[in-house]
Amino acid sequence: MQEYDIVIIGAGHNALVCAAYLLKAGYTVLLLEKRPLPGGGATTEELMPDAAPGFKFNPCAIDHLFIHLGPVVEELNLAKYGLKYLFCDPVVFCPHPDGKYFLAHRSLEKTCAEIARYSSRDAQKYAEFINFWKRVVGALTPVFNAPPKSVIDIAGNYDRAKLQDLLSLMGPPDRLLDFFRTLFTSSMDMLEEYFDEEFLKAPLARLAAELSTPPSQKTNAIGAMMMSMRHEPGMARPQGGTGALTQALVNLVKDLGGTIATEQTVQRVLLDDRRAVGVRVANGQEYRAKQGVISSIDAKRLFLQLMDAGDVDAADRQLRDRLSRRICMHNEAIMKIDCALSELPRFQGYNHRDEYLIGSVLIADSVAQVELAHTDPNIGRIPLEDPSMYLVVPSVLDPSLAPEGKHTLWIEYFVPYQIAKAQGTGMKGTGWTEDLKNKVADRVLDKLAEYAPNVKDSIIARHVESPPELEERLGVLKGNYYHLDMTFDQMVFFRPLPELANYKTPIERLYLTGAGTHPGGSISGMPGRNCARVFLGDRNSIGQAIADVSNSIFSTAKSTFGM
Ligand SMILES: Cc1cc2nc3c(=O)[nH]c(=O)nc-3n(C[C@H](O)[C@H](O)[C@H](O)COP(=O)(O)OP(=O)(O)OC[C@H]3O[C@@H](n4cnc5c(N)ncnc54)[C@H](O)[C@@H]3O)c2cc1C
């Protein structure tokens, strides 16, 4: 039996980040990945090698925001391992049916000038809105970059600027209460409070709903920060596609002596005397873990599918029930459409310029349309009447993704996982069939063609993936691209449940990381880094722990008071 200090289940980007920190600390690490390639939701693949050779697609993540709020890229020196981020500017383009369009640059001032072409009031309010969310992001960044229950770690992450952001949101008691009141509202409430113009509210609602909740969802106003992050720290893509991030991490992990084994589906976590001691994969092979097992797949899958019920019950009699019933999974999922194009989509009637296609392009005609794009899937309906979508033409920023003069198109369209009244039919009983997914893709492309009429004729080949197919590819439950819902009740020290929220579990030497842990899904590397810190903290001597605490208090004081 092969033996390592640590065995990690999955080799998505969070698992790789976690592995890198553990290898740097001197542990031997094995990552076991079920797919033929590592990366999970962070890959770049030739999806249609026969029909569209030379076109490289990002089947999942494309726009990277959160990773720039943390230290992973610099701390792991990923540039040395081949990673180069290309920042988008402009960052968002959204044409509106009445002929107006929202064009956001990375610069706040330039964006306000674009908005002022239609409304000087909204331009001024936009600056206020972004400024508010920039301060919220600044105040929260230290929390994202630490285990949620590690107060010292969080405190140590505050430098002078972030402390100023935090203090600016507080002030007298009524201001603080008003701040919390804002957080408890919905993004729709906030947009109504700030703006008059629909051409502006609709794209902001669409981006806020990227947390996968309708804009009207109370307590999820925080989604509105997605636009501010496109200004600061900015939105970027690895040159060569998202998979280039994974490749840099793989290069680093291998350089540090780590092992990545692909086509190894973990089926069982092995316990001995109530401690995690290894795993068994689908072909029966067992791998021993002397120091611990880390799961980058979420707690539901880990405890309900990969462990003996008796072992879980022996550690916590409530846990299986709480995981299966207390953690809610909405029915919203993504249909992904990737196309190889012979030419760029042209947004006629919107003063088309190719540079508009550098950032995220949104089809969001009204807040009501965006609302339906999220509420319909939740009750099993496909919002086909008037599709809203998020699309990217990655090859504009990075021509290496397509043969010369050609382009790639990435479309994300929200649909139900389980189609109403179709239970037990189609793929995995969800109601999805080849025919249905292609009809839906046709409708989505028809809608896009209302704005960019040349798009349909320019398609050389297309690849459409329905939610059950995404579920099959990545193993994520109900095709949930964040592993678990990103709602307020399941964030920070509630993610995935309070008793599992600090990357530890009731089973000794069994740890959790990945999108199902704080601070959640998307490309950030933060769950991976935070988990490694907890794992290493558990093994630190008391003397080292005291030294760490003093260092972090000293560095905070130094940056705040200039000591
Ligand atoms: C269509 C789509 C578009 C997205 N767009 C964006 C975007 O633009 N920007 C952004 O920031 N985020 C985006 N995301 C979300 C982002 O991709 C994920 O949240 C992120 O990749 C999660 O990373 P992870 O490492 O935590 O988990 P994963 O990437 O899910 O990695 C887990 C790994 O574990 C493997 N695995 C599962 N079960 C087993 C098993 N039993 N044994 C062994 N291995 C197993 C999986 O194959 C996978 O490789 C998108 C997601 C999707 C699906």
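**Reasoning about burial, bridges and cores**

Student: Why is K428 called partly exposed?

Tutor: This is a predicted model, and in it K428 has a relative accessibility of 45%. Buried means under 20% and exposed means over 50%, so K428, at 45%, counts as partly exposed.

Student: What makes K428 and E472 a salt bridge?

Tutor: Their side chains meet at 3.0 Å, N to O, and the cut-off is within 4 Å, so the pair qualifies. K428 sits in the loop between strand 14 and helix 17 (434-451) and E472 in helix 18, so the bridge ties together parts that are 44 residues apart in sequence.

Student: How do you know that R275 and E508 link distant parts of the chain?

Tutor: Look at where they lie: R275 is in strand 9 (residues 275-281), while E508 is in the loop between helix 18 and strand 16, 233 residues apart. The side chains meet in a salt bridge at 3.1 Å, N to O. R275 has 32% relative accessibility and E508 has 43%.

Student: Why is helix 10 described as largely enclosed?

Tutor: Count its buried residues: nine of the ten in helix 10 (residues 225-234), so the rest of the structure largely encloses it. Among the buried ones are M225, M227, R230 and H231.

Student: What makes strand 11 mostly covered?

Tutor: Ten of its ten residues (332-341) are buried. In a regular strand, side chains alternate between the two faces of the sheet. Here E332, I334, K336, D338 and A340 point one way, and A333, M335, I337, C339 and L341 the other, all of them buried.

Student: Which residues have the most contacts inside the largest nonpolar core?

Tutor: F102, Y126, F129, W133, L204 and M227, in a core of 60 residues. Helix 4 (residues 120-144) gives the largest share, ten residues.

Key
Residues numbered from 1 in each chain as written. Predicted model: local features only at pLDDT ≥ 70, side-chain atom pairs only at ≥ 80, totals over all residues. Heavy atoms only, no water. Core = buried A, V, L, I, M, F, W, Y, C linked by side-chain atoms within 4.5 Å. Buried < 20%, exposed > 50% of the residue type's maximum accessible area, 1.4 Å probe, protein only. Helix = DSSP H or I, 4+ residues; strand = E, 2+ residues; numbered from the N terminus.
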